[in-house]
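Subject: Structure handover

Hello,

Here is the structure for you to look through. My notes on what was found follow below it.

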Amino acid sequence: MSTAVPATAAESVASAPVGPRVVLVTGKGGVGKTTTAAAMAVESARAGRRTLVMSTDVAHSLGDALDVDLRTSPSWEQTLKVEERLHAQAVGSRTSVAADWGTLRDYLLTVLDSVGVDPVVAEEFTALPGADEISALLTLGHHATSGEWDVIVVDCAPTAETLRLLALPEVLGWHLDRLMPAQRRLLTAMRPAAAAAAGLPMPNGAVLDVIATWRAHMADIRTMLTSERASVRIVLTPENVVIAEARRILTSLSLHGYAVDAVVVNRVIPVDDDPWRAAWNTAQAAGITTITESFHGTPVLTAPYLAGEPTGADALAELAGQTTALDGELPKLDAPVRSQGLRVEAEGVEFVLILPLPLARSGDVDLARRADDLVVDVGGVRRVIALPSVLRRCIVKNAGVRSGELRVRFVRDEEVWPRGR
């Protein structure tokens with residue numbers, strides 16, 4: 001008999017929050033993810049939804065697909081109206097992000113100077129890491145809470161960059177959580193004395209305010225992206241190398257708790273009697289079979305290889321109209337996303353932490369316990385999971401992958417578990 005108990009706060013959302021439907025579109029470079037995202041946005045807008053399509057890819061080819069001049073926006077709010085109910089935006093490093101980072105950077109420069117680091121080297125050390133990713137997340141968070149949109153489509157960077165983007169809220173939040181309490185205690189006591197004891201300058205209130213604000217933003221964004229209102233859509237072509245990468249990103253997205261609501265098989269060549277096309281038809285049919293088997297349970301959509309490049313809203317709408325589902329209906333943007341993230345179940349006196357990891361095998365997974373955290377590494381992609389309080393007083397008994405799920409069994413540590421429980 002299993003009983004579910006609360007897991008992490010971000011992945012135990014009771015119900016879908018009020019807000020727009022968010023779809024992040026990603027895939028290997030060159031498979032047509034930007035065109036797919038733009039076509040989805042045009043179709044959504046012409047169906048009557050207030051739709052924003054935004055690009056987080058530094059290549060920023062979204063404007064080319066829409067046939068508009070979509071230069072990097074200088075502010076959070078600035079979007080370009082493409083047509084009725086459709087706006088677009090290309091995200092770059094924001095002035096407000098740079099200003100916040102300037103506060104932290106000044107403190108870091110002071111610390112590095114106090115330990116004798118050359119000022120030129122210190123300047124290099126304190127360049128804003130992940131500026132584009134942080135800007136993209138904060139901009140997305142702004143739009144998701146603005147009340148202006150029914151649907152937000154995000155044209156993401158290729159898969160590796162997308163994984164860094166989606167891992168950032170939890171990773172940055174994890175570090176900020178551990179920084180804030182210690183620094184707050186130091187500042188609450190005698191700040192000059194603490195600085196003298198540590199031999200380093202202590203951060204002032206402005207620095208801690210920036211950290212706290214960023215932490216709150218990251219927590220909100222993480223909650224939104226793992227809710228029933230958000231999903232990832234993977235675009236691929238029916239080629240073995242592309243399929244292999246798509247399989248890996250499915251596992252990696254699941255590791256971080258993100259739902260994949262569909263895969264889009266792009267550039268499917270229409271069946272033809274021409275010998276050259278027939279050979280491609282045969283190869284693509286085999287690829288599509290592999291895709292449907294790999295992504296079993298996830299809707300598989302197909303989009304045709306068109307005679308010309310779809311550029312502009314009308315051509316994109318035509319492409320969207322020719323995108324079909326192999327089995328069943330197209331996923332509806334108005335329906336909640338059904339996904340099952342991290343959970344913990346009680347089995348007698350033991351507990352089992354369960355994390356969906358489709359397509360993974362036990363040999364692909366490395367685990368490490370670090371104090372109150374569980375570090376999970378799948379094929380070089382790592383996630384640090386802050387354990388629920390009930391598991392912090394337990395030790396790991398065993399772990400393995402079964403039926404697409406990582407199952408980590410915990411038993412009570414009698415040395416720390418309260419007597420009589």
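How many helices and strands does the secondary structure of the protein chain come to? There are 12 helices and 17 strands. Please keep in mind that this is a predicted model.

Some overall values come first. The protein chain has 421 residues, and 48% of them count as buried. The chain exposes about 20200 Å², and 54% of that area is supplied by carbon and sulfur atoms. Taking contacts between residues at least 6 apart in sequence, 71% join residues at least 24 apart.

An open sheet of 9 strands has mixed pairing, and its strand order is 4-5-3-6-2-7-8-9-10. Strand 4 (80-83) and strand 10 (324-325) stand at the edges; each has a single partner strand, so one side of each lacks a neighbour in the sheet. Helix 1 packs on the sheet, where it touches strand 2, strand 3 (51-55), strand 4, strand 5 (86-90), strand 6 (151-155), strand 7 and strand 8 (260-268). The direction of helix 1 makes about 170° with that of strand 6.

As a general point, strands of a sheet pair through backbone hydrogen bonds, and the pairing is either parallel or antiparallel. Strand 2 runs parallel to strand 7 (residues 230-236), and 6 bridges join the two. Within this pair, Leu24 stands opposite Val232 and Thr26 stands opposite Ile234. Strand 2 also pairs with strand 6 in the parallel sense, over 5 bridges. There, Leu24 stands opposite Val154.

Is strand 2 mostly covered or mostly uncovered? Strand 2 is mostly covered, as 7 of its 7 residues are buried. In a regular strand, side chains alternate between the two faces of the sheet. In strand 2, Arg21, Val23, Val25 and Gly27 point one way, while Val22, Leu24 and Thr26 point the other way.

Now the nonpolar cores. Which residues have the most contacts inside the largest nonpolar core? They are Val22, Leu225, Ile234 and Leu253, in a core of 76 residues. Helix 1 (residues 33-46) gives the most to this core, with 7 residues. A second, separate core has 22 residues, including Leu374, Val376, Val401 and Val408. As for Val22, if its neighbours within four places in sequence are left aside, its contacts are Leu140, Ile152, Val154, Met224, Leu225, Arg229, Ala230 and Ser231.

Helix 1 also meets another helix. The axes of helix 1 and helix 11 (residues 313-321) come within 8 Å and cross at roughly 90°. An angle from 65 to 115 degrees counts as roughly perpendicular, and the two helices are therefore roughly perpendicular to each other. Helix 1 makes the contact with Thr35, Ala38, Ala39, Val42, Glu43 and Arg46. On the side of helix 11, the residues are Ala313, Asp314, Leu316, Ala317, Leu319 and Ala320.

Last, a hairpin. Strand 14 (residues 373-378) and strand 15 (residues 381-386) run antiparallel and are joined by 6 bridges. In this pair, Leu374 has Ile385 as its bridge partner; Leu374 also belongs to the second core. The two strands form a hairpin with 2 residues between them, and Gly379 in the turn has a positive phi of about 60°.

Regards

Conventions:
Residues are numbered from 1 along each chain as its sequence is written. This is a predicted model: local features need pLDDT of at least 70, side-chain atom pairs count only at pLDDT 80 or more; totals for chains, interfaces and linings use all residues. Side-chain values use heavy atoms; hydrogens and water are left out. Helices (H or I, at least four residues) and strands (E, at least two) are DSSP runs, numbered from the N terminus. Buried means under 20% relative accessible area, exposed over 50%, partly exposed in between (1.4 Å probe, protein chains only). Contact means heavy atoms within 4.5 Å. Accessible areas come from the Shrake-Rupley method with a 1.4 Å probe; for residues, only the protein chains shown count as cover. A nonpolar core is a set of buried Ala, Val, Leu, Ile, Met, Phe, Trp, Tyr and Cys residues joined through side-chain atoms within 4.5 Å. Two strands pair if DSSP finds at least two bridges between them. Axes are lines fitted to C-alpha atoms, for helices over the stretch in contact, and angles run from 0 to 180 degrees between N-to-C directions. Angles under 35 degrees count as roughly parallel, over 145 as roughly antiparallel, 65 to 115 as roughly perpendicular and the rest as oblique.
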